[in-house]
Amino acid sequence: LDALAWVLFKNGKAQEALRASQQALRLGTKEPLMLYHHGMIALELGQHKKATESLEQALAANPHFHPDHAEQARMALQPLLAARSESQRSSKAIN
């Protein structure tokens, strides 16, 4: 299901890819490549919280899980974490 999800994603079918990826992860696997795929699909769909969680989990499980994808995960996370940090600062300022 993970391979199917990634193929769907690469072919521009992100919504279908997300469903396949969710099925692939339904048993709670912590396989970094699967989590990376899930995170990148979620990011494409604008689901930033889900993307952040999945990419962080992938890198936590193994920061070197793939020669290219690990670096891509780190690069994708940078703006997500910056936005989350900014959001947290804004909510503290309001309170």
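**Reading a helical model**

Student: Where does D2 lie?

Tutor: D2 lies in helix α1, residues 2-10. Helices here are DSSP runs of H or I, at least four residues long, numbered from the N terminus. This is a predicted model: local features need pLDDT of at least 70, side-chain atom pairs count only at pLDDT 80 or more, and totals for chains, interfaces and linings use all residues. Residues are numbered from 1 along each chain as its sequence is written, and side-chain values use heavy atoms, with hydrogens and water left out.

Student: Is D2 buried or exposed?

Tutor: Buried means under 20% relative accessible area, exposed over 50%, partly exposed in between (1.4 Å probe, protein chains only). D2 has 14%, so D2 is buried.

Student: Which residues is D2 in contact with, leaving aside neighbours within four places in sequence?

Tutor: Contact means heavy atoms within 4.5 Å. On that basis D2 is in contact with A24, M34 and H37. The C-alpha atoms of D2 and L33 are separated by 9.0 Å; these two are 31 residues apart along the chain.

Student: How do I read a nonpolar core?

Tutor: In soluble globular proteins, nonpolar side chains tend to be buried together. A nonpolar core is a set of buried Ala, Val, Leu, Ile, Met, Phe, Trp, Tyr and Cys residues joined through side-chain atoms within 4.5 Å. The largest one here has 25 residues; Y36, M40, I41, L55, L59, F65 and A73 touch the most other members. α1, α2 (14-25), α3 (32-44), α4 (48-61) and α5 (69-94) each give two or more residues to this core. The largest share, six residues, comes from α3. Beyond four places in sequence, M40 is in contact with W6, F9, L55 and A76.

Student: And aromatic pairs?

Tutor: A pair of aromatic rings is described by the distance of the centres and the angle of the planes. Rings of Phe, Tyr and Trp (its six-membered ring) pair if their centres lie within 6.5 Å; planes under 30 degrees apart count as stacked, over 60 as edge-to-face and the rest as tilted. The count is three pairs. W6 and Y36 have ring centres 5.8 Å apart and planes at 50°, so this pair is tilted. W6 is in α1 and Y36 in α3, so the pair ties together parts 30 residues apart in sequence. W6, F9, Y36 and F65 form one aromatic cluster.

Student: How are α2 and α3 placed?

Tutor: Axes are lines fitted to C-alpha atoms, for helices over the stretch in contact, with angles from 0 to 180 degrees between N-to-C directions. The axes of α2 and α3 come within 9 Å and cross at roughly 150°. Angles under 35 degrees count as roughly parallel, over 145 as roughly antiparallel, 65 to 115 as roughly perpendicular and the rest as oblique. α2 and α3 are therefore roughly antiparallel.
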